[in-house]
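Subject: Structure handover

Hello,

Here is the structure for you to look over. My notes follow below.

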Amino acid sequence: MAIGVSGGCPAVPPSDREVRVLRWTFRRDADSVVCELGLNNDDSAYELRVNPPWNPTGATTELFDDAMSAFQRHAAIERLLVGDGWMLEGFESERVTRHA
């Protein structure tokens, strides 16, 4: 059964919400690389952000349609880093507030 409401009710603005961000930090000597995985702003894709010290323009971002592809790409990056002498320093799973 569908219920409809017409007129008189003001629209409810979207509220802030929390989303989960996964973050891996790799270290080699004094340098660190941070990889973050989470949903993009409109929840239409997964973003994998990598902030390597050798990239002067800052973080690179890759978009994926599904979580499995994003995790597979992260695993490939991790294998390359570990192969080049980087060590996993830490992992975080954090809830961040996304403002509407």
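Start with the strands: Y46 stands opposite F64 in β4. That pair belongs to β3 and strand β4 (residues 60-64), which run antiparallel and pair over five bridges. Strands here are DSSP E runs of at least two residues, helices are H or I runs of at least four, and both are numbered from the N terminus. Two strands count as paired if DSSP finds at least two bridges between them.

Before the rest, some ground rules. This is a predicted model, in which local features need pLDDT of at least 70 and side-chain atom pairs count only at pLDDT 80 or more, while totals for chains, interfaces and linings use all residues. Residues are numbered from 1 along each chain as its sequence is written, and side-chain values use heavy atoms, with hydrogens and water left out.

**Strand pairing**

Six bridges join β2 (residues 31-39) to β3 (residues 46-51), and the two strands run antiparallel. V34 of this pairing faces N51 in β3. Six residues separate β2 and β3 in their hairpin. In that turn, D43 has a positive phi of about 60°.

β1 joins β2 in the antiparallel sense too, over seven bridges. Look for R27 opposite S32 in β2. The hairpin of β1 and β2 has two residues between the strands. There, D29 takes a positive phi near 55°.

**Salt bridges**

How many salt bridges does a search of the whole structure find? The search finds seven. The criterion is a side-chain nitrogen of Lys or Arg within 4 Å of a carboxyl oxygen of Asp or Glu.

E36 pairs with R49, with the closest N and O atoms 3.2 Å apart.

E62 and R73 form another salt bridge, at 3.0 Å from N to O. E62 lies in strand β4 and R73 in helix α1 (residues 67-83), so the pair ties together parts that are eleven residues apart in sequence. E62 counts as partly exposed because its relative accessibility is 26%. R73 is also partly exposed, at 31%. For reference, buried means under 20% relative accessible area, exposed means over 50%, and partly exposed is in between (1.4 Å probe, protein chains only).

**E18**

Now to E18, which sits in strand β1 (residues 17-28). Its relative accessible area is 46%, so E18 is partly exposed. Which residues does E18 touch, not counting those up to four places away in sequence? They are R95, V96 and T97. A contact here means heavy atoms within 4.5 Å. E18 and V96 are 78 residues apart in sequence. In space, their C-alpha atoms are 5.4 Å apart.

Best wishes
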